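Subject: Structure for your review

Dear colleague,

Please find below the structure that I am handing over to you. My notes on what was found in it follow directly after.

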Amino acid sequence: MSGSCRRGQTASRAIPAKRLSLPDGAALPPGDYSTTPGGTVFGTTPGGTRIIYDRKFLMECRNSPVAKASPCDLPDIPGVTSPNVEELKIENNHVHNYEEKVGVGEEAQFDMDI
Amino acid sequence: MNNKFDALKDDDSGDHDQNEENSTQKDGEKEKNDRDKPQSSTKRKAVVPGPAEHPLQYNYTFWYSRRTPGRPTSSQSYEQNIKQIGTFASVEQFWRFYSHMVRPGDLTGHSDFHLFKEGIKPMWEDDANKNGGKWIIRLRKGLASRCWENLILAMLGEQFMVGEEICGAVVSVRFQEDIISIWNKTASDQATTARIRDTLRRVLNLPPNTIMEYKTHTDSIKDNSSFRNTKITL
């Protein structure tokens, strides 16, 4: 443990109230955002600095347009990364050209998304 | 302690040297990638959340490794086989990477995804890891993708509540089983390791009788193995 990380701090003390407002245009899908009594979107812990998100909130963020953009510096690792998801799905439904033997029977698992 | 992190940063910025070493390997695939992606230039820029994005408590880096069949697994070859996928600072940036990576259940061979705090290498010997250890959960085939997702979402969302103890998480695809693990800094800190264990049970929805194993990295270095000779807890 060290206090040297940028935002982390774990010393115990009273919980300070901290309000964080989202920038305009931060369109959020409807739902429960694990709001704190003060109405912040994410929770804070002693020190007021820890940024906490629950699974549900993180999953909802997945649907925002920024989250769907392609990362600009994604390395191309055959069978591991893909320029975009659509392409990946198409590839998974066809014969793989990679030197690796990718089991065709694993397709079903790929679609097993909840 | 500040020096420690500075040292890590130096380590990290030295990574592209490592990549360059990789590119000299007789591995056509790597050579091509390194040529196509001038990683060293983008690497040095600090990764920050974009406007209107949701910042994370820490920046994290995705790594991928795959054991080359027939090669020895010395520390050096491990370091050479491991590849950085990218670093993110916000929830949205995380999804951008995650959505463009195959799920662990679709990986082939002896492969691992690692997700570590930026500046911490997924290696036992890293300064942040050397006094640490990891919880291990062995999964039957078919469960890895879901469990990995739940594990990393809990880590990114700071669900473990152990201060700065968490270093990163790994999913290891093996022949007959898949293994997920979460690494922490201080193996001797039992309050922390117990809390991590309990959080794991909760976020992964593990049945009460699931076997969980803890292994210190010192032991891993001694027997040069990630998953053998572990301490079992029910």
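What share of the contacts in chain B with a separation of 6 or more is accounted for by residues 24 or more positions apart? The figure is 71%. Please keep in mind throughout that this is a predicted model.

Chain B in outline

Chain B contains nine helices and eight strands. Of its 234 residues, 58% count as buried.

Nonpolar cores

The largest nonpolar core comprises 55 residues. Within this core, the residues with the most contacts are B:Phe62, B:Ile85, B:Phe113, B:Trp148, B:Phe160 and B:Leu200. Helix α7 of chain B, residues 144-156, gives the most to this core, contributing nine residues. Another core, of nine residues, lies apart from it; B:Trp63, B:Ile120, B:Trp124 and B:Ala128 are among its members. As general background, nonpolar side chains tend to be buried together in soluble globular proteins.

Two helix pairs involving α7(B) may be of interest to you. Two packed helices are described by the angle between their axes and the distance between the axes.

The crossing is right-handed. On the α7(B) side, the contact is made by B:Cys147, B:Asn150, B:Leu151 and B:Ala154, and on the α8(B) side by B:Leu200, B:Val203 and B:Leu204. By class, six of these residues are nonpolar and one is polar, with no charged residues.

The other pair is α7(B) with helix α6 of chain B, residues 91-99. Here the axes are 12 Å apart and the packing angle is about 160 degrees. Since angles over 145 degrees count as roughly antiparallel, α6(B) is described as roughly antiparallel to α7(B). This crossing, too, is right-handed. From α6(B), the residues in contact are B:Phe94, B:Trp95 and B:Tyr98, and these meet B:Ser145, B:Trp148, B:Glu149, B:Ile152, B:Leu153 and B:Leu156 of α7(B). The classes are seven nonpolar, one polar and one charged.

Helix α6(B) is itself mostly covered, as nine of its nine residues are buried. Among them are the charged residues B:Glu92 and B:Arg96.

A residue of chain A

A:Val80 is located in the loop between α2 (65-68) and α3 (85-92) of chain A. With a relative accessible area of 2%, A:Val80 is buried. Leaving aside residues up to four places away in sequence, A:Val80 touches B:Tyr64, B:Ile85, B:His100, B:Met101, B:Val102, B:Leu107 and B:Phe113.

Positive phi values

B:Glu158 has a phi near 60 degrees and lies in the loop between α7 and β5 (166-173) of chain B. B:Asn205 has a phi of about 55 degrees and lies in the loop between α8 and β7 (212-216) of chain B. Are these two residues buried or exposed? B:Glu158 counts as buried, at 8% relative accessibility, whereas B:Asn205 counts as exposed, at 66%.

With kind regards

Methods:
Residues numbered from 1 in each chain as written. Chains lettered and ligands numbered in written order. Predicted model: local features only at pLDDT ≥ 70, side-chain atom pairs only at ≥ 80, totals over all residues. Heavy atoms only, no water. Core = buried A, V, L, I, M, F, W, Y, C linked by side-chain atoms within 4.5 Å. Buried < 20%, exposed > 50% of the residue type's maximum accessible area, 1.4 Å probe, protein only. Helix = DSSP H or I, 4+ residues; strand = E, 2+ residues; numbered from the N terminus. Left-handed = near helix turned anticlockwise from the far one by under 90°. Contact = heavy atoms within 4.5 Å. Axes fitted to C-alpha atoms, helices over the stretch in contact; angles between N-to-C directions. Parallel < 35°, antiparallel > 145°, perpendicular 65-115°, else oblique.
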